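Please look at the structure shown here.

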Amino acid sequence: MGVTIMAPAPQTPAEIRARQSRIEELYVRFLEWIPYVTLAISTVLSWMISDLSAADRAVTMTLVGAAVLWVYLGYTRVPKPDATPKRMAVYFIGLTAFGAALMRFDMLFFIFVITGFFHSGLMRPLWAIIAGIGVTSMVVNSTVTEGATPQGIAVYVVIVLVQTAAISSGFLLNDKMEQLRTQREDAFEAREAAMEENAGLHMQLMTQAREAGVLDERQRMAREIHDTVAQGLAGIIAQLRAVDATDDEAQRRRHLDSAVELARESLAEARRTVQAIGPPTLDTAQLPEALAEVSAKWSATHEVPVELVTTGEARPMHPEVEVTLLRVTQEALTNAAKHAQAGRVGITLSYMEDQLALDVRDDGVGFEPARAKPGSKGGYGLSAMRQRVGRIAGSLSIESEPGRGTVVSAIVPAVPQAVADAA
């Protein structure tokens with residue numbers, strides 16, 4: 001039995017920045033409270049454990065009060081904009097001095113001196129931080145030098161060097177991580193800016209496509225009317241004139257029947273042209289439903305089965321994208337009815353991450369695309385389909401051979417509906 005491991009969803013730049021902000025706020029709070037906590041622990045332990053004289057205890061408590069006042073005025077009450085590296089260096093020197101003075105009376109105050117390892121990070125540049133860590137380590141481990149033997153001094157030096165190197169490496173790593181975080185935030189911001197720019201470009205492209213589409217529709221309607229209705233009316237007029245030109249009743253009847261048939265065909269073409277002006281199916285349905293309705297009507301009219309397949313997760317797209325693919329489908333079906341003599345048609349709509357793909361296949365007689373003349377009879381035509389798809393930065397390909405059927409493939413950008421809503 002297999003086990004499916006769900007990977008956590010990637011965090012957005014805003015979520016990463018919010019989490020980092022919370023961590024930084026907690027660390028700032030830690031730095032504010034650590035000197036008071038360590039000083040309180042040292043003082044309590046000194047009172048409980050150490051056997052100091054009354055005079056020494058009085059001096060110790062005086063120094064404790066002075067240290068509290070120094071931390072409060074030198075760090076806690078300092079506004080962040082005023083916490084300059086020089087000011088923090090002065091504060092750190094005083095903090096270390098108070099710690100060293102307290103340790104002369106009771107070594108337990110080394111706990112308070114440990115604060116220097118954290119507050120040394122308040123200084124800049126990096127060498128000042130390392131120097132502060134070294135000084136703090138020297139004070140914390142000063143008890144090792146008692147007796148001043150060469151062995152004791154050697155141990156003291158090794159401890160200070162190792163401790164300074166270990167703690168400094170943490171600051172160095174943190175500094176490097178901070179640089180990487182800044183670079184990552186810059187990369188995220190650049191990506192967001194690029195996405196906004198791309199959305200603007202897509203919107204501009206859609207606007208241009210809409211404007212060009214209006215002109216394209218007018219030209220298409222003009223060709224449709226010329227190729228169908230106008231030619232049909234011209235044929236009717238010719239048949240009626242032929243009726244007036246003959247006295248033969250059989251000839252007159254034949255010309256009248258031809259005129260009636262032309263009138264019926266012209267009416268049917270006029271209705272089809274009017275229905276093709278706008279895609280009302282997209283007003284109340286997404287593209288897959290609209291394609292299903294169009295293909296079902298076409299199949300019922302021409303008695304040719306149509307199989308529609310949708311792959312990927314269907315989602316609302318920009319109206320220009322959906323209208324373009326619907327128009328391509330309508331024209332491909334029209335051509336299949338007029339020219340292909342197809343017995344079966346297949347339509348595949350594929351939703352991908354950043355593209356939509358449409359394939360319309362038929363098993364008709366086929367043709368040679370290289371010999372197809374732009375503007376030839378057939379209304380919209382292959383060249384008009386290419387122009388419409390090209391206006392939204394898409395591509396159209398025609399694959400066909402005589403006797404092998406035809407495949408019309410369109411690939412367009414997957415511009416979401418949100419881009420249109422934001423316009």
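Helix 2 crosses helix 3 in a left-handed sense, meaning that the near helix is turned anticlockwise from the far one by less than a right angle. The model is predicted, with local features needing pLDDT of at least 70 and side-chain atom pairs pLDDT 80 or more, while totals for chains, interfaces and linings use all residues. Residues are numbered from 1 along each chain as its sequence is written, and side-chain values use heavy atoms, without hydrogens and water.

Helices are DSSP runs of H or I with at least four residues, numbered from the N terminus.

The structure holds four salt bridges, each a side-chain nitrogen of Lys or Arg within 4 Å of a carboxyl oxygen of Asp or Glu. One of them joins Glu293 and Lys297, at 3.2 Å from N to O. These residues are four apart in helix 10 (residues 287-302), so about one helical turn separates them. Glu293 is partly exposed at 33% relative accessible area, whereas Lys297 is exposed at 53%; exposed means over 50%, buried under 20% and partly exposed in between, using a 1.4 Å probe and protein chains only.

Another salt bridge links Arg253 and Asp257, whose closest N and O atoms are 3.8 Å apart.

Methods
Helices (H or I, at least four residues) and strands (E, at least two) are DSSP runs, numbered from the N terminus.
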